[in-house]
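Here are my notes for a colleague opening this structure for the first time. Please read them with the model on screen.

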Amino acid sequence: MHTELLRFITCGSVDDGKSTVIGRLLFDSKAIFDDQLAAITATSKRRGLSEADLALLTDGLQAEREQGITIDVAYRFFATRRRAFIVADTPGHEQYTRNMVTGASTADLAIILMDARKGMLPQTRRHAHLVRLLGIRRVVLAINKMDLVDYDQATFERLCDAFLDFAAPLGFDAVIPVPMSALHGDMVVERGTGLHWYLGKTLLQVLESVPSDEEVAHAPLRFPVQLVQRLRAGTADERRGYLGRIESGTLAVGDEVVVLPAGITSAISSILTYDGPLPDARAGQSVTLTLQDEVDISRGDMIASRAEPPRCEKSFDALMCWFSATPLDPARRVLIRHGTRTVQGKVGAVAYKLDVNTSEQVPAPDHVSMNDIVKAQFRVQQPLAYDSYASNRPNGSFILIDEVSNDTIAAGMML
Amino acid sequence: MSSHHSAEVVDLHPHRAGRTEPLDHLDRLESEAIHIMREVAAECRNPALLFSGGKDSIVMLRLAEKAFRPNAFPFPLLHIDTGHNFPEVIAFRDARVAELGERLIVRSVEDSIRQGRARVKDASASRNALQAVTLVDAINEFQFDACLGGARRDEEKARAKERIFSFRDEFGVWDPKNQRPEIWNLYNARVHPGENLRVFPISNWTELDVWSYIGRERLAVPEIYYAHVRPVVRRGAQLVPVTELTPPLAGEVVEQVSVRFRTVGDITCTCPVSSTAATVAAIIAETAVTSITERGATRMDDQTSDASMELRKKQGYF
């Protein structure tokens with residue numbers, strides 16, 4: 001049985017009923033177990049609630065349960081006959097932008113929650129901006145709590161129009177609105193009884209049918225080398241194997257490639273795996289490559305399409321989300337990790353700060369602090385073979401690491 | 001390994017994905033895990049892979065083969081032996097290590113107790129939590145800067161929030177509120193001397209994925225994972241195996257029941273479930289429709305409070 005994998009992120013606050021939507025999705029697709037339900041029912045009862053609070057399923061840490069808030073990204077898993085799903089559940093509060101960035105970074109799709117009574121809120125705009133910034137092309141607009149507006153079709157249509165007007169300039173490939181009442185189970189997994197006028201797909205049907213994992217397969221070949229192995233060491237037939245994962249594109253034996261940053265060209269001699277050699281392979285596969293020529297390649301180098309090579313530069317512009325509690329100090333050297341390469345670098349001129357509520361650019365901010373998103377220029381000590389994040393997520397992204405504390409202090413998206 | 005069941009093949013996975021077919025979800029999970037193991041081999045100075053003989057670590061060994069064969073693994077295997085293991089599992093562990101020709105280091109909780117490093121109420125008390133002491137001692141003894149483990153996010157709610165590269169300070173402590181952001185697949189493996197990482201390549205796998213993979217790869221697992229008749233007593237909702245370490249309490253009736261284990265940890269806190277599943281296919285069928293979580297059914301030590309696992313992890317546990 002061939003089942004695909006879809007990774008998605010849910011954005012919204014507890015007030016939008018986000019946890020209830022996830023709870024309903026898991027519950028109705030039978031991914032919540034009796035003992036989990038019993039445990040959260042007991043906890044809910046202790047707190048004087050009459051029903052099981054499904055939010056408790058995703059609030060995994062003691063501090064979260066004590067304070068009734070979500071602090072960190074939680075990952076949940078469920079599967080149907082068609083697809084396996086990985087859900088990144090992220091908190092909606094303003095101060096947790098970095099968690100949303102984390103959750104969105106690996107997601108194929110985002111569900112943006114809206115309360116039918118409240119419509120567009122500043123956080124709805126913020127979530128949509130962040131999701132688009134992180135390169136997610138498909139959004140489900142989940143208009144929840146339809147039961148509280150008497151399942152009114154006109155309300156749904158008005159809220160859809162408002163969101164679509166706002167989202168048009170963001171350039172999503174698809175915005176799929178679904179009306180629902182997660183509390184009553186309408187249009188999440190089951191169709192329910194309240195929304196007979198809605199003829200579209202349920203939330204789960206949307207999740208089962210949207211394209212997954214396709215864009216990277218159609219981009220040019222990018223293969224960052226993780227490790228170099230000596231194969232058949234000590235024999236006359238000794239050769240080097242380059243271990244890595246195909247981050248984008250496809251490759252086949254005989255394909256012409258360029259090794260960067262050296263700029264040497266060669267061709268694929270073989271594609272090896274534990275299960276035997278392959279004639280071709282595609283984005284997402286971990287393989288071992290051998291080349292037709294003896295080339296000096298080490299970890300951090302990139303094997304790329306010769307016809308469509310990436311840029312290879314010692315300076316670049318990027319949007320950066322600052323994670324650290326300590327503000328950016330432009331005088332300090334940082335480590336920049338891109339693909340499998342780690343280089344020393346510096347953050348140069350900061351052009352503007354992005355207001356994530358409005359997408360407005362605030363020119364030349366005097367400081368960059370936690371959760372800020374800025375456009376800046378970067379200089380690195382050795383060239384990086386990169387693409388723009390918009391055209392290639394895996395090869396257009398990097399993290400900043402503090403040389404002294406070793407903390408991950410920022411995430412960047414190349415322009 | 002003729003003494004063990006060879007896994008019944010459920011889905012032979014007839015096509016290996018070529019350039020036109022999207023990858024199957026197990027292929028994607030496998031590839032992610034291989035990528036993570038190779039990152040550890042490249043970025044860490046002195047890693048180890050935790051191998052207990054349990055199903056998750058059996059999958060980890062196959063993933064290590066996929067990541068590094070035909071060469072040897074770039075790390076030794078490490079088992080923290082509670083001294084309360086099922087004998088079938090230890091026999092399996094040793095047979096599998098011999099078959100792979102890799103190096104296994106065993107450090108035992110028994111020794112930690114003898115040396116006064118770990119304290120127990122009595123000989124039959126659960127040693128699950130004590131593993132943390134022995135593990136942290138072993139990490140210090142060998143100066144490991146990373147331990148690869150087979151923990152999964154679907155197992156438990158604290159694990160659901162843990163990073164794939166999970167940072168531990170010099171005391172082996174996990175600080176859930178101060179985790180490194182983990183974005184895209186760019187893992188930060190940098191640590192100072194004395195600090196270390198726990199790395200979980202199969203974080204995103206579920207129990208069902210693990211069994212599907214065991215079936216697809218035809219991996220042998222210890223016999224007690226398959227249905228067998230064993231003396232048990234019923235205690236609450238759980239079936240408690242009757243062993244020297246876990247004798248029946250006064251008034252309990254010993255029954256012979258067909259059971260299998262979903263996890264094979266410390267005997268004193270691991271319970272089997274009622275089952276007649278004698279093949280991987282049958283286990284997958286049961287797992288797909290089960291209504292109780294893996295740990296809920298089988299672990300007495302996770303039942304004590306909402307935060308049992310989180311507290312153990314803060315003390316250095318896996």
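1. Axes here are lines fitted to C-alpha atoms, for helices over the stretch in contact, and angles between them run from 0 to 180 degrees, taken between N-to-C directions. Keep in mind that this is a predicted model.

2. Start with helix H2 (residues 55–68) of chain B. The axes of H2(B) and H6(B) come within 10 Å and cross at roughly 55°. Angles of 65 to 115 count as roughly perpendicular and those under 35 as roughly parallel. On the H2(B) side, the contact uses B:Lys55, B:Asp56 and B:Val59. On the H6(B) side, it uses B:Val210, B:Tyr213 and B:Ile214. Four residues of this contact are nonpolar, two are charged and none is polar.

3. Now turn to the other partner of helix H6 (residues 207–216) of chain B. This is helix H7 (residues 280–289) of chain B, with axes that come within 10 Å and cross at roughly 165°. That angle makes H6(B) roughly antiparallel to H7(B). H6(B) passes H7(B) in a left-handed crossing. H6(B) contributes B:Glu207, B:Leu208, B:Trp211, B:Ser212, B:Ile214 and B:Gly215. They meet B:Val280, B:Ala281, B:Ile283, B:Ile284, B:Thr287 and B:Ala288 in H7(B). By class, the residues of this contact are eight nonpolar, three polar and one charged.

4. What does chain B look like overall? Chain B has nine helices and ten strands. Of its 318 residues, 55% are buried. Among contacts in chain B with a separation of 6 or more, 77% join residues 24 or more positions apart.

5. Which residues touch the most other members of the largest nonpolar core? They are A:Ala110, A:Ile112, A:Ala142 and A:Leu203, in a core of 194 residues. Take A:Ala142 as an example. Setting aside residues up to four places away in sequence, A:Ala142 touches A:Val21, A:Ile111, A:Ile112, A:Leu113, A:Met114, A:Val178, A:Met180 and A:Leu203. In soluble globular proteins, nonpolar side chains tend to be buried together.

6. Last, look at A:Gly119. A:Gly119 sits in the loop between strand S4 (109–115) and helix H5 (122–133) of chain A. Is A:Gly119 buried or partly exposed? It counts as partly exposed, because it has 14 C-beta neighbours inside 10 Å. Leaving aside neighbours within four places in sequence, A:Gly119 contacts A:Met114, A:Leu159 and A:Ala162.

Notes. Residues numbered from 1 in each chain as written. Chains lettered and ligands numbered in written order. Predicted model: local features only at pLDDT ≥ 70, side-chain atom pairs only at ≥ 80, totals over all residues. Helix = DSSP H or I, 4+ residues; strand = E, 2+ residues; numbered from the N terminus. Parallel < 35°, antiparallel > 145°, perpendicular 65-115°, else oblique. Left-handed = near helix turned anticlockwise from the far one by under 90°. Contact = placed C-beta atoms within 7 Å. Nonpolar A, V, L, I, M, F, W, Y, C, P; charged D, E, K, R; others polar. Core = buried A, V, L, I, M, F, W, Y, C linked by C-beta atoms within 7 Å. Buried ≥ 20, exposed ≤ 12 C-beta atoms within 10 Å, placed from the backbone.
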